[in-house]
Amino acid sequence: MTPLFASTLAIGRPRFRLAARLRSGDVVAELVAFGFGLLLLLITGLLAWELWVNSALPRHQFGWRFLVTQTWDPVAGNFGAAAFIHGTIVTSFLALLIAVPLGVGAAIFLAELAPPRLSDAAALLLELLAAIPSVIYGLIGIAVLVPIMRTVVEPFLKKVTGGFPLFSGPAYGVGYLAAGLVLAVMITPFIVSVTREVLLAVPRDQREAALALGSTHWESTWHVVLPYARVGVYGAVFLALGRALGETMAVTMVIGNRPEIAASLFAPGYSMAAVIANEFTEATGDLYLQALIEVGLVLFLLTMVINALARLLIVATAQRGSAH
Amino acid sequence: MLDRTARRKITNVVMLGLTTLATLSSISVLFFVLGYLLFKGGSSVNWAFFTELPKPVGEAGGGMANAIVGSAKLLLIAAVTGLPLGFMAGLYVAEFASQKMGAAVRYAADLLNGVPSIVVGIFVYTLIVLRAKHFSTMAGGLALGLMMVPIMTRSTEEFLRAVPRSLRDASLALGATRWMTIARVVVPAATRGILTAAMLGLARVAGETAPLLFTALSNRFWSPGLNQPTASLPVMIFTYAISPYEDWQQQAWAAGLVLLAFVLLANVLARLLLGPRMHLAG
Amino acid sequence: MVVLEHSMNLNRFCSLLIAILLLGIPAAAQTTVTGAGATFPYPIYSKWFDEYHKLHPEIQINYQSIGSGGGIRQILEGTVDFGASDGPMTNEQLAQAKTKILHFPTVLGAVVPTYSLAGVTQALKFTGPVLAQIFLGMITKWNDPAIAKLNPGVKLPGDDIVVIHRSDGSGTTYVWTDYLSKVSDAWKSKVGRNTSVNWPVGLGGKGNEGVAGLLKQMPSSIGYVELIYAIQNRIPYGTVQNAAGNFVKADLTSVTQAAAGAAKSMPVDFRVSITNSPGADAYPVSSFTWLLIPEKPANPRKGAILVGFLKWMLSDGQKMVEALSYAPLPKEVVTQELAAITQIQAPGAK
């Protein structure tokens, strides 16, 4: 029970207080807001429950083996999601590695350096990138990115690192690296947009105080503004990560779709969202269908784990002098 | 050895230069993608595209008029269902919730965000389409609306929290009740950021194909009302782009271009209608 | 004050919203029949339904391609009036149906082996067993003796073969693996036939487009696509040896021949695989595609519409298929189907 509601009942003549509060709308507002919050919880819970219930067959048949087996054989009825889990983690991590510095950097430029009109225009254009359908990213990826990867980037990386396991094997063009890059392009607009807004929301006096103390523009941004907006930036990264984890069309067109764990980034792989998108519409037979839903469940659980870990990270690095 | 001031100045220039580079790379990728779209689809965007129904392959002309209207309807439903839910949930977390409830709702929003779009579509399919025994625009709109909720919730919470205490305190000191403060002072101060999130969310779902495949299906004809399957730009793009016919493939690119143009239009319109609220927080 | 202004703007906006929501040509006298399923026949179905709509403006048949599996599922659930599939329903699936589902073949398609090999522009010859071994990963180089023997006089490079298959579940894969299962015991036991299989080797491309795209990118690659796709996009493809021992290039005639060869032993419910079919000029990797119609349609009016459409499809409709690179049904099958239409219980059907 929130303090507001509790105080309504506890202090003074209860009925008079309650009536007064109701008239003033505070309790109503709180109840309404609470209702929506509850609705969100219920919907997410229902989704998780549906995923759980509709994957009963393979869960009972495979148990934990589902998470560590690479075989995905619809004909024999043998399903294991290990390769997909690996692919999702690798490509999303790679995408974040590229998109976060790029996105936060661009956001800093737009929020701190660029004149307001230019900043607004650029932000608007970047938001447009978010609207481009995934399938178009996939088509451009396969027509433009993959040849570049195969003929220029991958051979270059191989030469420069001289056989480092991460960059070994035949250069197909498609693979984890291509998928990670496409994802990075797709999630950058989210990071830039939200981070820019969050930075703009930091009160001017914070910046001015830092500058008055003699810091350079960069120092005030890095040491004062960004930490103040820290939680908002994390939120932006989470939104971007969410998209990366669940992205289907663009990934499946450039990842090579091979359900196999490989060490090299040049190797073809597969991701959880991609296999669901590829096979769900054609899947017949209860075990097959439910195995695909179980993959969805595993993805859901993965999101839970990543979010929980990141939350711990935020708490661990908590600092005074922030917006919260 | 450079003295500290010089080092700091150099760091300043270098780092700010890097951010400029980051912006330029992001923008140039955007321009490349847009340019590619224009190049591939520009020639197929004509009057027929906006006014005619799809024609079978081999027949000249034909357009995606029903898909354009369909997408508009779907996005409208998504906005009407997803935006308020996300906004109110974010408001709840920022203004009213206790530590635990707030964390729970925030967590739920993050989880929902990570669900692949096709799983959201399957979810709505099980809840609505199976029960009603037919595909409908309403189901499609709801699926899209659901996908908008996380971004709205998270962003609303962030931007409401970012409103300085001084504004709230001032309002309360003048005798406003809690809810009046929120409605008339805090929310308007955070409008800008929340609007950006709404536009971003709308932009994202505007291009989503997978959730519509099992909810709104598609339609070669007009789809009156909300209870029938409807065509939509992303599904048409998807169907045409992977078809064997060059004519259809070109229409797919044209549709991508048109989709972008409409998202831009919606963006600009929304900012005009709901009014610019610049830099109220600072 | 400012809030008031905004609410006025909002009001205007809301009225606009509602206007758009209710937009749509009023469909007072129209009946819409909805179907979903296979992607392969989508172009010809959309052509047919469009033409039929022109003949009968009060009838709208809306067909969407969500995949054969999707089509089967939706007709079993009853969310669509008819389904479509590139592979016939299995006995287990038919048992799940609340009402009996009938199969009606509509057109024929074929799957061809395509490749991207520098310096090789002519049509390479393949046999079923060789193709199976390539896709099993047992033949790994282009200049393997097995391939060279079939293609004397062609300069085959010593490169590794890059195998490309479909990543998405599809009827095309079903037909391809069905054929390979018939000609290779190793394939049958190791991989089997399905819309989606556990490929021993190779990269996966999404859709015909994906496979063709990858083929273009990867030198020394081999894959399989629908015949229509190869024809429309002018992709070179090879010939395959059929059951009679002849190397046949897939085209509309040889595909219809494959169906004619199987017509003699056509089961009553039309659920038959015609890969590796007998016939001197038959193309071995051919297949029917079927419409799935309930024996007792839930809505009698829609059932009558479907009956009318089927009759039109088997006569006038068949004349339109070749223009879109589909092979028409052989006469024997058409006759059998016209008789089978009477099974659909739709009172009022002409």
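Two residues are in contact if their C-beta atoms, placed from the backbone, lie within 7 Å. On that basis, the contact between chains A and B takes 78 residues from chain A and 85 residues from chain B. This is a predicted model, in which local features need pLDDT of at least 70 and side-chain atom pairs count only at pLDDT 80 or more, while totals for chains, interfaces and linings use all residues. Residues are numbered from 1 along each chain as its sequence is written, and chains are lettered from A and ligands numbered from 1 in the order in which they are written.

**Chain A against chain B**
- Helix α3 (residues 26–53) of chain A gives the most to the side that touches chain B, with 14 residues; helices (H or I, at least four residues) and strands (E, at least two) are DSSP runs, numbered from the N terminus.
- That side of chain A has 50 nonpolar, 21 polar and seven charged residues (Ala, Val, Leu, Ile, Met, Phe, Trp, Tyr, Cys and Pro count as nonpolar, Asp, Glu, Lys and Arg as charged, and the others, Gly among them, as polar).

**Sheet in chain C**
- Three strands of chain C form an open, mixed sheet in the order β5-β9-β10; two strands pair if DSSP finds at least two bridges between them.
- Its edge strands, β5 (125–126) and β10 (247–248) of chain C, each pair on one side only.
- β9 (residues 239–241) of chain C pairs with β10(C) in the antiparallel sense over two bridges.
- C:Q241 has C:F247 in β10(C) as its bridge partner.

**Helix contact in chain B**
- In α7(B), B:L167, B:R168, B:S171 and B:L172 meet B:T181, B:V185, B:V186 and B:A189 of α8(B).
- The residues of this contact comprise five nonpolar, two polar and one charged.
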